[in-house]
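Biologist: I am new to this structure and would like to go through it slowly, one part at a time. Could we put it on the screen and begin with a helix?

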Amino acid sequence: MSEEARDRGGERRGRGAPFVLRRLLGLLLTIFVIATLSFFLLRIAPGGPFDEERAVEASVRRAQERKYGLDRPLGEQYLRYLRALFLHGDLGPSSRYPGMTVNELIAESLPPSLALGGLALGLALVLGIGAGVAAGTRPGGPADRAILLLTVFGVSVPNFVLGAGLLWVFGLWLRVLPVAGLTGFSSLVLPAVTLGLPFAAVIARLARAGLVETLQEDYIRTARAKGLRERRVVWGHALRPALLPVVSFLGPAAAGILTGSVVIERIFALPGLGTHFVNSALNRDYSLVMGTVLLYSVLLVLLNFLSDLALGILDPRIRRPR
Amino acid sequence: MRRPGLVLGAALLGGITALSLAAPLVTRYPYAAQDLTRQYLPPGTEGHLLGTDLEGRDLFSRLVYGSRVSLLVGVVATLVSLVIGVTYGAISGYVGGRVDAVLMRFVDVMYSLPFLFLVILVMTLFLGPKASPARRVAALLVVLGAVQWLTMARIVRGQVLTLKTRGFVEAARALGAGPVRILARHIVPNLLGVVVVYATLTVPRVILQEAFLSFLGLGIPEPYPSWGRLAADGVRAITPVESHWWLIVFPAGAITLALLGLNLVGEGLRDLLDPRLERRSPGG
């Protein structure tokens, strides 16, 4: 088991309710820290949302700033933002898209991003575990060597290069898949493959290492001695403990997939959260930047929480107090 | 050969380093010289070994000089992360007890933050297009290094925990050495192996992240040609109408070969040293 998995196990030695409670508190704390950090980062930085190329009349500008509350003292703006956020879940109005609130913009762009991320993660798991089992059941064999080599490539190719390659082959050359925009499921295939493959490589390695280790355990020898078929031994007995490192990797993997999707959405022109994030940072759309960063952090904390729960289900030793 | 991966990786790295050191000798054109009469020349025409780009700049020169930029970014940012990570991990592990618990808890919390988003924020906000290129490069190096230290701190701390119970540390303490001296003279030197291995694996991550930022237009600024920027330009040059394939294939190939070399060397060294060290993750 990786060091990380063991650390997390120790942290959760307490029973059910306090664990969930502590995690919820942690979530609130994370939201608070991120909100504070990004709020002040944005305000210290030079440039504001209404610094256009063309000069606007001072009175118009003042009126705009008043509308978004930017004329108030910084401390008051900060407290107002926190109050709206924690009491009403209100992320404020967008300055780049007048008439739209950040909540509306997020509600619109979250589904494509979630679909993309979910597909990519699912693909990474299926491919990664499949390859890891194929490699780990016969360490040193031809399949193992081939997969090991492929996984080194997998972590060495930048995702936008992979994306451009796939786009060129399947979109422009074979013309079997759409190259840009969101037009149903088929338009998510290339982005999801691009996003998921590097993580499949890491998962394959983790699964392989876990399996090689587990297959040397005594109870595996017992299972084989009982006369079970090798397939049954691997999938029924060895895989569950062997996958623990994979499960504890899910948190970091989710983080990587979220950040990766910023670039992928750009290559494939998907109207998702990542596109909003980069554009809003460039446009100094304060509330939209903070909204997207907060959302990403909440997603991350939730995914880490889920991966810990899954770890407890897979390994009862972690659940029970020692 | 007992370790073909390590040998292959070392050969790749050696070749790339040699090319980048010999850049003025092997290139025929300056990397930033524009010539609008020679736009998009395919590889092999008019002495342009790998062709030219939109501005008529020689791709081979840009790639060779780009290797200097990318390797420098990777190494310097890794050094930044190394200083932070080793100091943090060594203190945490050596002091131990409650301090250790708090410091490591902090690392756990940091692990769950979307760091690359902060990097993107810093790069967009503090360094608008008006900022000087040199300042921008400096900020990039520090920021990229500052987000890489977590795993290093964890690994170092784990090593220190076992090292500090060893006889030679006890002996140094018995001779009256203070904690700073013990850490600097007796513990950190013993960490070198692990640190070097993990640093070798951090360099490709940093190069990858610089490429990622360059793709978003937030990395190394013009006129410096980093590999990430070259590949990003190449991706933009792909259109349904005409494909200037060399602009994406060669930069992507260069990045892949370099990262492959670094990863192979890092993993080879790690397996030599300790096959059970933690594996790393790609991207953010």
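**A helix and its surroundings**

Modeller: In this predicted model, the residues of α10(B) that are buried are Trp227(B), Gly228(B), Arg229(B), Leu230(B), Ala231(B), Ala232(B), Gly234(B) and Val235(B).

Biologist: How many of the residues of helix α10 of chain B are buried?

Modeller: Helix α10 of chain B covers residues 227-236, and a residue counts as buried when its relative accessible area is under 20%. The helix is largely enclosed by the rest of the structure, because the number of its 10 residues that are buried is eight.

Biologist: Which helix of chain A do the buried residues of α10(B) pack against?

Modeller: Within chain B, the buried residues of α10(B) pack against α1 (4-21), α3, α9 (179-215) and α11 (246-273). Chain A also takes part in this packing, and the helix it brings is α7 (159-173).

Biologist: How do the residues of the contact of α10(B) with α11(B) divide into nonpolar, polar and charged?

Modeller: The axes of α10(B) and α11(B) come within 8 Å and cross at roughly 145°, in a crossing that is left-handed. On the side of α10(B) the contact is made by Trp227(B), Gly228(B), Leu230(B), Ala231(B), Gly234(B) and Val235(B), and on the side of α11(B) by Leu247(B), Ile248(B), Pro251(B), Ala254(B), Ile255(B) and Ala258(B). Sorted by kind, the residues of this contact are 10 nonpolar, two polar and no charged.

Biologist: Is Val83(B) buried or exposed?

Modeller: Val83(B) has its place in helix α3 of chain B. Since a residue must be over 50% in relative accessible area to count as exposed, the 56% relative accessibility of Val83(B) makes it exposed.

Biologist: In which helix of chain B is the confidence highest?

Modeller: Chain B has a mean pLDDT of 81, with 90% of its residues at 70 or more. Over residues 277-284 of chain B, however, the pLDDT is below 50. Confidence is lowest in helix α5 (residues 115-126) of chain B, at a mean of 73, and it is highest, at 90, in α3(B).

Key: Residues numbered from 1 in each chain as written. Chains lettered and ligands numbered in written order. Predicted model: local features only at pLDDT ≥ 70, side-chain atom pairs only at ≥ 80, totals over all residues. Heavy atoms only, no water. Helix = DSSP H or I, 4+ residues; strand = E, 2+ residues; numbered from the N terminus. Buried < 20%, exposed > 50% of the residue type's maximum accessible area, 1.4 Å probe, protein only. pLDDT = per-residue confidence, 0-100. Contact = heavy atoms within 4.5 Å. Axes fitted to C-alpha atoms, helices over the stretch in contact; angles between N-to-C directions. Left-handed = near helix turned anticlockwise from the far one by under 90°. Nonpolar A, V, L, I, M, F, W, Y, C, P; charged D, E, K, R; others polar.
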